[in-house]
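Have the sequence and the 3D view open as you read.

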Amino acid sequence: MQLYNKLSANERAELIKQAGKERLTLSFYQYAHISNPQEFRDQLFIKWDSLDVLGRIYVATEGINAQLSLPADHFKDFKQHLDNIDFLKDFRLNIAIEQDNMSFLKLKVKVREKIVADGLNDNTFDVTNKGVHLSAKEFNDMLNNPNTVCVDMRNHYESEIGHFDGAITPDVDTFRESLDIIEEDLREHKEDKNLLMYCTGGIRCEKASAYYKHKGFKNVYQLEGGIIEYTRQVNAEGIENKFIGKNFVFDERRAEKISDDVIAQCHQCGKPCDTHVNCANDACHLLFIQCEDCKTEMDNCCSSTCKNIHALPYEEQKALRKGQGNSNDIFKKGRADHLPYKKDLRNIFETLKK
């Protein structure tokens, strides 16, 4: 019985083209007690593979975190399958704002220690004692409150291309880093400020809000469904949009356009740009922002060195990589020193301390 993806991304892309079906991109998460994550994982893979589901799904004893796509005409069967799982019945699915048939090209269902790498010991606090969930309108009202501190719980490369107007955007590489930074810099405001948080789909705020309440913050709020659900409500209900720029997403689309504002710049030339790419040199694969002019000049690469390597025959590139291991740049997000216009490190809470 097949329990793992066996097709390459190129092979899958060709099958999607041949099928000619429109696909839906969606995401969801749910905290729940799963006694046997491996068994649950295998059951999901078998069923979802039969429905032509593609995506990245993490399963742990604490629940499930999924980003995926599937043929639109399979959605009813997919939803019925979810409804047959007790803790997934009738819960919210975040449907992508912008659809792309190639958003995912493989089905990966993995068992992890946690569904989000937060580095926390959940036994030390009550993870169910979460902050107050706010709708888009309620979030806007809270954002307008002068007694509110709004914090982006995403990483620097996500907030660099889009964030809520007036939000604090921690310059961090991981979710875990931001938790301690925020607590330290807001330690004098645990009782007199509203701590308002948001992330892509809400999952990071679920854990963060419980953590901050445990740490003594009295007024903790979070955007229900994250930026994705906020945008849906804004469009459906005619609510004022306070998000500027793009929402970074973790699939082949890279981002969803929320407003027409371009708030970032090309990391190579400094021109206004908010398009993330991966360096075409497979030994590098650095994620960075690149405009169309630099893309053409640099042949989709982040540096002249990578450009020269990428120009070599594929077998020569493989030979150069042999025995070298992965470049650290594979795990970096726009931090390489050779990018002159990368996001600068700064103290994100300076305005609060003045």
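Helices (H or I, at least four residues) and strands (E, at least two) are DSSP runs, numbered from the N terminus. This is a predicted model, where local features need pLDDT of at least 70 and side-chain atom pairs count only at pLDDT 80 or more, while totals for chains, interfaces and linings use all residues. Residues are numbered from 1 along each chain as its sequence is written, and side-chain values use heavy atoms, with hydrogens and water left out.

Now the sheet. It is open, has four strands in the order E6-E10-E9-E7, and its pairing is parallel (two strands pair if DSSP finds at least two bridges between them). E6 and E7 sit at the edges with a single partner strand each, so one side of each has no neighbour in the sheet. E6 and E10 are joined by three bridges, and Val-132 has Tyr-221 in E10 as its bridge partner.

| Strand | Residues |
|---|---|
| E6 | 132-134 |
| E7 | 148-152 |
| E9 | 194-198 |
| E10 | 220-223 |

Helix H4 (residues 136-144) lies across E6, E7, E9 and E10, at about 135° to E9. Such angles run from 0 to 180 degrees between N-to-C directions, with axes fitted to C-alpha atoms, for helices over the stretch in contact.

How are H2 and H3 packed? Their angle is about 160° and their axes are 10 Å apart. H2 and H3 are therefore roughly antiparallel, a label for angles over 145 degrees. On the H2 side, Leu-44, Lys-47 and Trp-48 meet Phe-78, His-81 and Leu-82 of H3.

How values were computed. Angles under 35 degrees count as roughly parallel, over 145 as roughly antiparallel, 65 to 115 as roughly perpendicular and the rest as oblique. Contact means heavy atoms within 4.5 Å.
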